[in-house]
Amino acid sequence: MRSSISPFARRLGDAHPEGPRRLAALPDDGTYDAVVVDADAGATPGLTRLELAIASGEHKGALVTISTDEPTIVGREPLDLLALPATITVVDGRPSLTIDD
């Protein structure tokens with residue numbers, strides 16, 4: 001499975017008055033509970049772009065964008081992914097994503 005952080009993600013700051021903060025990179029290696037807040041087919045065929053809000057811990061509320069070619073995600077309608085719980089696992093700085101439905 002290939003997942004990557006969007007090059008367009010940027011950190012807005014911890015308490016940005018204009019909205020939630022967006023992480024430019026995933027936090028340290030570990031496992032993070034998240035919720036899908038946006039999904040689309042993306043510009044690259046065979047990839048689905050997901051925007052996720054981290055749901056707990058130090059980074060709670062931070063937004064992360066991940067593009068994935070995971071067949072169990074790419075094969076679904078993006079609208080059907082909205083509001084689903086997910087788990088982001090980061091190992092050696094590389095993310096993987098599981099939809100927990």
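The legends below describe close-up views of a predicted model.

In this predicted model, local features need a pLDDT of at least 70 and side-chain atom pairs count only at pLDDT 80 or more, whereas totals for chains, interfaces and linings use all residues. Residues are numbered from 1 along each chain as its sequence is written, and side-chain values use heavy atoms, with hydrogens and water left out.

**View 1. The chain and its order of helices and strands.**
The chain holds two helices and six strands, where helices (H or I, at least four residues) and strands (E, at least two) are DSSP runs numbered from the N terminus. Along the sequence these elements follow the pattern β-β-β-β-α-α-β-β. Of the 101 residues in the chain, 39% are buried; here buried means under 20% relative accessible area, exposed means over 50%, and partly exposed lies in between (1.4 Å probe, protein chains only).

Side chains of opposite charge can pair when their charged atoms come close. A salt bridge is taken as a side-chain nitrogen of Lys or Arg within 4 Å of a carboxyl oxygen of Asp or Glu, and by this rule the count comes to four. R49 forms one of them with D40, with the closest N and O atoms 2.7 Å apart, and R49 also meets E51 in a salt bridge with an N to O distance of 3.9 Å. R49 counts as buried because its relative accessible area is 18%, and E51 is likewise buried, at 13% relative accessibility. D40, in contrast, is partly exposed, with a relative accessible area of 28%.

**View 2. The salt bridge between R76 and D101.**
R76 and D101 form a salt bridge in which the closest N and O atoms are 2.7 Å apart. This pair links distant parts of the chain, since R76 lies in the loop between α1 (71–74) and α2 (78–81) while D101 lies in the segment after β6 (94–99), 25 residues apart. R76 counts as partly exposed because its relative accessibility is 26%, whereas D101, at 62%, counts as exposed. Elsewhere, salt bridges that share partners join D38, D40, R49 and E51 into one network.

**View 3. A patch of negative charge on the surface.**
D28, D29, E58 and D92 gather in a patch of negative charge on the surface. Such patches are made of residues with over 30% relative accessible area and no salt bridge, with like charges joined within 9 Å and nonpolar side chains (Val, Leu, Ile, Met, Phe, Trp, Tyr) joined within 5 Å. Among the members, E58 lies in the loop between β3 (48–54) and β4 (63–68), and E58 counts as exposed because its relative accessible area is 71%. D92 is placed in the loop between β5 and β6 and is exposed, with a relative accessible area of 68%. D92 also has a positive phi of about 55°, although it is not a glycine.

**View 4. The side chain of T87 and its polar partner.**
T87 belongs to strand β5 (residues 85–91) and is buried, with a relative accessible area of 16%. The side chain of T87 makes a polar contact with the side chain of D100, at 2.6 Å. A polar contact is a pair of N or O atoms within 3.5 Å; within protein, one atom must be able to donate a hydrogen and the other to accept it, and residues adjacent in sequence count only if both atoms are side-chain atoms.

**View 5. The positive phi of A83.**
A83 is found in the loop between α2 and β5, where its phi is near 70°, a positive value in a residue other than glycine. A83 counts as exposed because its relative accessible area is 59%.

**View 6. T44 and G46 in the loop between β2 and β3.**
T44 lies in the loop between β2 (30–40) and β3, and G46 is placed in the loop between β2 and β3 as well. T44 is partly exposed, with a relative accessible area of 42%, and G46 is partly exposed, with a relative accessible area of 47%. The C-alpha atoms of T44 and D69 are separated by 9.9 Å, the two residues being 25 residues apart along the chain. For G46 and V74, which are 28 residues apart along the chain, the C-alpha atoms are separated by 6.7 Å.

Definitions and conventions:
Areas by Shrake-Rupley, 256 points an atom, 1.4 Å probe, with all protein chains shown as cover. Lys, Arg positive; Asp, Glu negative; His and termini not counted. Charge placed at Lys NZ, Arg CZ, Asp CG, Glu CD.
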